[in-house]
Amino acid sequence: DELSLQRANDFHIVLEDISITHLTFGKDFATAIEKKQVAQQEAERQRFVVAKAEQERKANVIKAEGEAEAAKLISKALRQGPALVDLRRLEAARDITATLSNAKNIIFIPSGSQGGGGSNILLNMRD
């Protein structure tokens with residue numbers, strides 16, 4: 001500002017206010033600003049990657065702890081008797097029958113015996 005005022009005074013011009021309407025920076029300065037912005041964005045991306053990895057690590061620890069607890073409970077239940085195994089068999093049978101009942105080309109023909117000693121027939125009917 002002082003330089004502008006002095007030069008204007010040399011020509012007997014009195015300046016009260018100066019408004020800069022067009023300002024350009026050199027190529028080197030603009031390149032430096034752009035590189036700084038790119039570096040900041042990259043640093044932010046790296047912080048995000050680290051935070052995401054930390055969250056995944058915590059999730060894996062929680063999952064492993066849950067699986068270990070489940071294994072302990074299953075082991076305890078198996079020592080107490082065959083009830084858990086029987087329950088798992090029933091669940092598996094339920095899932096299998098649900099799958100087969102939705103299949104259009106599977107037909108189940110029961111043996112007709114009440115004691116369950118007969119042979120049941122499962123047919124795979126193809127078109």
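A residue is called buried when its relative accessible area is under 20%, exposed when that area is over 50%, and partly exposed in between (1.4 Å probe, protein chains only). By that rule, buried residues make up 2% of the 127 residues in this protein. The model is predicted: local features need pLDDT of at least 70, side-chain atom pairs count only at pLDDT 80 or more, and totals for chains, interfaces and linings use all residues. Residues are numbered from 1 along each chain as its sequence is written, and side-chain values use heavy atoms, with hydrogens and water left out.

Start with the overall layout. The protein has three helices and two strands. Along the sequence they follow the pattern α-α-α-β-β. Helices (H or I, at least four residues) and strands (E, at least two) are DSSP runs, numbered from the N terminus. Take the contacts between residues at least 6 apart in sequence, where contact means heavy atoms within 4.5 Å. Of these, 0% join residues at least 24 apart.

How far can each part be trusted? The guide is pLDDT, the predictor's confidence in each residue, from 0 to 100. Its mean over the protein is 84, and 82% of the residues reach 70 or more. Confidence is highest in helix H2 (residues 27-80), at a mean of 95. It is lowest in strand E2 (residues 121-124), at 61. Where pLDDT is low, the predicted coordinates should not be read in detail.

The accessible surface of the protein comes to about 11900 Å². Carbon and sulfur atoms account for 57% of it. Accessible areas come from the Shrake-Rupley method with a 1.4 Å probe; for residues, only the protein chains shown count as cover.

Begin at helix H1 (residues 2-10), where Ala-8 lies. Is Ala-8 buried or exposed? Ala-8 counts as buried, because its relative accessibility is 11%. Leaving aside neighbours within four places in sequence, Ala-8 is in contact with Ile-13 and Leu-15.

Ile-13 and Leu-15 also belong to a nonpolar surface patch of about 990 Å². Patches are made of residues with over 30% relative accessible area and no salt bridge; like charges are joined within 9 Å, and nonpolar side chains (Val, Leu, Ile, Met, Phe, Trp, Tyr) within 5 Å. One member, Phe-25, sits in the loop between H1 and H2. Phe-25 counts as exposed because its relative accessibility is 54%.

Next come the charged pairs. Side chains of opposite charge can pair when their charged atoms come close. A salt bridge is a side-chain nitrogen of Lys or Arg within 4 Å of a carboxyl oxygen of Asp or Glu. By this rule there are six salt bridges.

Helix H2 shows how such pairs are spaced. Arg-45 and Glu-42 meet in a salt bridge at 3.1 Å, N to O. They are about one helical turn apart because three residues separate their positions in helix H2. Arg-45 is partly exposed at 44%, and Glu-42 is partly exposed at 36%.

Arg-47 forms a salt bridge with Glu-44, with the closest N and O atoms 2.6 Å apart. Both lie in helix H2, three residues apart, about one turn of the helix. Glu-44 is partly exposed, at 45% relative accessibility.

Glu-54 and Arg-57 are joined by a salt bridge as well, at 2.7 Å, N to O. Being three residues apart in helix H2, they too are separated by about one helical turn. Glu-54 counts as partly exposed at 32%, and Arg-57 at 44%.
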